[in-house]
Amino acid sequence: MTDQAVDTSGPASAAGTAGAKEPPGAVPPQFFGRERELKALQEDVEGAGLDTLAGRKAARARVLLIAGRPGSGRSALAAELARRLAEPGDYPDGVLRVPLTEPGGERVPLERAARGLLGLLSLTAPPGTGEDELAEMVREAFAVRRALIVLDDAVDAEQVDPLLPDNPDCLVVATATGPLTGIPGVRPCTIGGLDAGSSVQLLARTIGQVRITVDPRTAETLTEECGGQPAALTLIAGWLAARPGASVADVAKQLRERQEDSEQPAATQPLARAFRLVHDSLPPAAARTLRLLALAPAGLADAHTASALAGCSVSAAQSTLDDFVRFGLLRTNGAELPQYEVPGCLAPLVRAVLEERERPAEIQLARARMLERTVRRLQACRAVTDPEDSPARRRLAGLPRSLRFPHPESAAEWLRIREPALLAAARAAVREGDLDTLARRLVAALVRALAAHRGTEDAAPVLYGLHGLVLDVAVRRDLPREKAAALLNLADLDARTGRTREALARYRAALDAGRAANDLYATGRAMESAGGAYAELGDYNRASDWYGRALAQRLGQGERAEAARLYGRLGAVHTYAGRYGEALRDWRAAASGHRRLGDLPAQARALSEAARVQEYAGRPQESLHTCREAVDLARRAGDVRLQAALELRLADTLDRLGDPAAARLHRASADRLLGEKGATYDIRSTSVET
């Protein structure tokens, strides 16, 4: 009989669907058997590939496939193989793991898998990047690296192929239920259940050798009832460990009695019977908590998730989750902020018993409680970053202590650990569609928390997906105001990453949605942003047209500050187009608007731009006069750096007028104002303000 193995470590990756990178120097989990398979897989790595046999240089990474049913220990075997291959230091860039199937059975989209893989290399793809571009980024990243990649629980070859490096120095270990037809040169290794010896070892590790020794033959019979499946054996071992008075024969008998009741296919019956035995043996409250964990986003839960789902206290939920880990029903990351994961092989069984035992109304109520708790935790996570005397902090003080965070650092750590589950919760809430109000609140709270702790630039790729979810809900519920806001946010992110035409299309769509909602802010912003997009594309005629529309709306609403800023945008566009007369008129209108508002620095900047236009138009004396007026305004405003910048511009104008002596005086004045020789200040006009 083939030597076989099982990983009994239990910990789950805190990264959830984002992937995991093996920590250097990590203590390897206890592993039984499978030496023959491991030896064969290692020989495959060292052996010649098809390209080498054909006399060609290998063009891509070698792919090893470990095929087996869920619960057979295929992921554990892949992890052990990766550990052994990485031990000699042959893969200095580490072991990277990315799951390709959600706990609920849905395939992980390529976009998310590729971003997860890049994230493990501390690389970030711009928001909105397409799947083809992401796949190319993955290939480029691994072209200069030597890494071992574990693609866990692949659905098919189409999911794996885009993630394969074009670098024979890398190695890919994939796990799947069946073959990956379509990927050339795949080395398959199909595994079944554990042999009797390894199965008994697994039981003895949990329940102690004494209970095995007193009845070794029955122990072997028990392993046969479990089909040698590591997941089933782990559940039964946990059941026996919780009942010191029960014998191995007792549980073997109970499993046999359940065989006829199972509706599962023959190959999955052992795990299904073991799960039903454990579930039905739990106290009613604990059994209900377990069933409701099928609703945990991405199969990831913490004490608050379980507490909200079951409607119990956080401490009771924590105790129950820890019990489930001992029973083999959950895995945990073992961190200071523990996170629990429903093993993928158990997820469909948990879901089935939930639908069988719970009414639909109770399931929906549990989901609503979980989403409401998540929203409140996210609100507390963001509020803790506000000043002590802010309204948000005062509201935070009114929350129960268990929902609050002691300081921003703890909130940021919670957000980092729970981010995969939070994103999965948002996606699931939008996909289900029956709790859209809660879904919108959840997405809004998550956006604010990410922006507060990570900043909008760093969190942009995640925010892009969240704004897309808001758009989905707005379209489904026909909410034009929310649709306009989502389109504006998505368009802004498109514009920042150079996808100007895509941004322009979204700005136009946002304008239509804003008009449908009679939302003047949205329509004004959409018109102004469309003008900016056209200016970026070099179409200054359309840019000035859209800026003019936005300006007319601002003037009609009496928004003087916004109108002054838009006059500056129009002035800049006319300047780029060489229409200096119109540009000068708009810059002077901007300066006049800022003067009426009492904003001296902005007035000085507008006059400085007017001086620049006069110089372009061949009117240097007028430019000199306007620039001196701007310097005087900056001096009156007390803006030393702006004054110094204007002095330098004045010096440049004097140089062009043939007065180098006066130019030197103004440069010396700028140096004195700045306090150090050669320091400069960039005049940012209203044409680029946002």
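Student: How do the axes of helix α22 and helix α24 cross?
Tutor: In this predicted model, the axes of α22 (residues 480-496) and α24 (residues 520-536) come within 10 Å and cross at roughly 25°. Angles under 35 degrees count as roughly parallel, and α22 and α24 are therefore roughly parallel to each other.

Student: And is the crossing left-handed or right-handed?
Tutor: The crossing in which α22 passes α24 is left-handed.

Student: Which residues meet there?
Tutor: From α22, A484, L488, N489 and D492 take part; their partners in α24 are A522, R525, A526 and S529. By class, the residues of this contact divide into four nonpolar, two polar and two charged.

Student: Changing topic, what is the average pLDDT of the protein chain?
Tutor: The average is 86, and 90% of the residues score at least 70.

Student: Where does pLDDT stay under 50?
Tutor: One such stretch is residues 1-18, for which the model has 68 contacts beyond four places in sequence. Another is residues 20-28, with 12 contacts beyond four places in sequence.

Student: What should one make of the coordinates where pLDDT is low?
Tutor: Where pLDDT is low, the predicted coordinates should not be read in detail.

Student: What share of the residues counts as buried?
Tutor: Of the 690 residues, 51% count as buried. As for contacts with a separation of 6 or more, 65% are accounted for by residues 24 or more positions apart.

Conventions. Residues numbered from 1 in each chain as written. Predicted model: local features only at pLDDT ≥ 70, side-chain atom pairs only at ≥ 80, totals over all residues. Heavy atoms only, no water. Axes fitted to C-alpha atoms, helices over the stretch in contact; angles between N-to-C directions. Helix = DSSP H or I, 4+ residues; strand = E, 2+ residues; numbered from the N terminus. Parallel < 35°, antiparallel > 145°, perpendicular 65-115°, else oblique. Left-handed = near helix turned anticlockwise from the far one by under 90°. Contact = heavy atoms within 4.5 Å. Nonpolar A, V, L, I, M, F, W, Y, C, P; charged D, E, K, R; others polar. pLDDT = per-residue confidence, 0-100. Buried < 20%, exposed > 50% of the residue type's maximum accessible area, 1.4 Å probe, protein only.
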